[in-house]
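Me: I would like to learn how to read the features of a protein model one at a time. Could you take me through this one slowly, giving the general idea before each case?

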Amino acid sequence: MKKLMALGLIAISMAMTGTSFAASYEVVKRFHQSAAPNREEADITVIRCSTGKEYYIYGYYRSSGPRYRTIIPPYWGNPLGGGDHYTFEDAIAAAC
């Protein structure tokens with residue numbers, strides 16, 4: 001019970017101060033990648049984490065399965081986190 005109360009107080013204090021566990025990043029630019037024989041259609045968001053490193057988040061036009069992939073250029077074939085992610089937030093968490 002004491003742990004639950006402590007966690008509640010931490011959550012309230014974080015909500016009041018605007019602190020969160022979310023990674024800090026900024027969007028640098030966005031652009032579209034058209035489909036081609038060797039690539040999927042995607043919207044690409046370039047983010048810069050609070051560390052200063054830039055990552056590309058690919059949002060693929062898929063009807064099912066994970067839609068997001070985090071890439072460190074120029075390592076296009078090696079997604080961070082070992083594969084694709086179901087949410088944009090998960091893709092950011094892999095980077096930042």
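**Reading the model step by step**

Reply: Phenylalanine 31 is partly exposed, with a relative accessible area of 33%, where buried means under 20% relative accessible area, exposed over 50%, and partly exposed in between, using a 1.4 Å probe and protein chains only. Before going on, please note that this is a predicted model, in which local features need pLDDT of at least 70 and side-chain atom pairs count only at pLDDT 80 or more, while totals for chains, interfaces and linings use all residues. Residues are numbered from 1 along each chain as its sequence is written, and side-chain values use heavy atoms, with hydrogens and water left out.

Me: Is tyrosine 56 buried or exposed?

Reply: Tyrosine 56 counts as buried, at 17% relative accessibility. The ring of tyrosine 56 also pairs with that of tryptophan 76: the centres are 5.6 Å apart and the planes stand at 65°, so this pair is edge-to-face. It links distant parts of the chain, since tyrosine 56 is in strand E3 and tryptophan 76 in the loop between E4 and H2, 20 residues apart. Tryptophan 76 itself is partly exposed, with a relative accessible area of 43%, and Phe31, Tyr56 and Trp76 form one aromatic cluster.

Me: What is tryptophan 76 in contact with, leaving aside its neighbours within four places in sequence?

Reply: Contact means heavy atoms within 4.5 Å. By that rule, and with those neighbours left aside, tryptophan 76 is in contact with Tyr56, Tyr58 and Ile71. The C-alpha atoms of tryptophan 76 and tyrosine 56 are separated by 9.5 Å.

Me: Which residues are joined by a cis peptide bond?

Reply: As a general rule, most peptide bonds are trans. In this model a cis peptide bond joins proline 73 and proline 74, with omega about 10°, and proline 74 is found in the loop between strand E4 (68-71) and H2.

Me: How many disulfides does a search of the whole structure find?

Reply: A disulfide is a covalent bond between the sulfur atoms of two cysteines, and the test used here is a pair of cysteine sulfur atoms within 2.5 Å. The search of the whole structure finds 1 disulfide, formed by cysteine 49 and cysteine 96, with their sulfur atoms 1.7 Å apart. Cysteine 49 lies in strand E2 (residues 42-49) and cysteine 96 in the segment after helix H2 (88-95), so the pair ties together parts that are 47 residues apart in sequence.

Me: Why is the disulfide of cysteine 49 and cysteine 96 left-handed?

Reply: The torsion about the S-S bond is about -80°, so the disulfide is left-handed. Cysteine 49 is buried, with a relative accessible area of 5%, whereas cysteine 96 is partly exposed at 36%.

Me: Which residues make up the largest nonpolar core?

Reply: In soluble globular proteins, nonpolar side chains tend to be buried together. A nonpolar core is a set of buried Ala, Val, Leu, Ile, Met, Phe, Trp, Tyr and Cys residues joined through side-chain atoms within 4.5 Å. The largest one has 10 residues in all: Ile47, Cys49, Tyr55, Ile57, Tyr68, Leu80, Phe88, Ala91, Ile92 and Ala95. E2, E3 and H2 are the elements that give two or more residues to this core, and H2 gives the most, with 4 residues. Apart from it lies another core, of 7 residues, among them Ile44, Tyr56, Tyr58 and Ile71.

Me: With which side chain does glutamate 54 make a polar contact?

Reply: A polar contact is a pair of N or O atoms within 3.5 Å; within protein, one must be able to donate a hydrogen and the other to accept it, and residues adjacent in sequence count only if both atoms are side-chain atoms. The side chain of glutamate 54 makes such a contact with the side chain of arginine 48, at 2.7 Å. Glutamate 54 has its place in strand E3 and counts as partly exposed, at 33% relative accessibility.

Key
Phe/Tyr/Trp six-rings, centres within 6.5 Å; stacked < 30°, edge-to-face > 60°.
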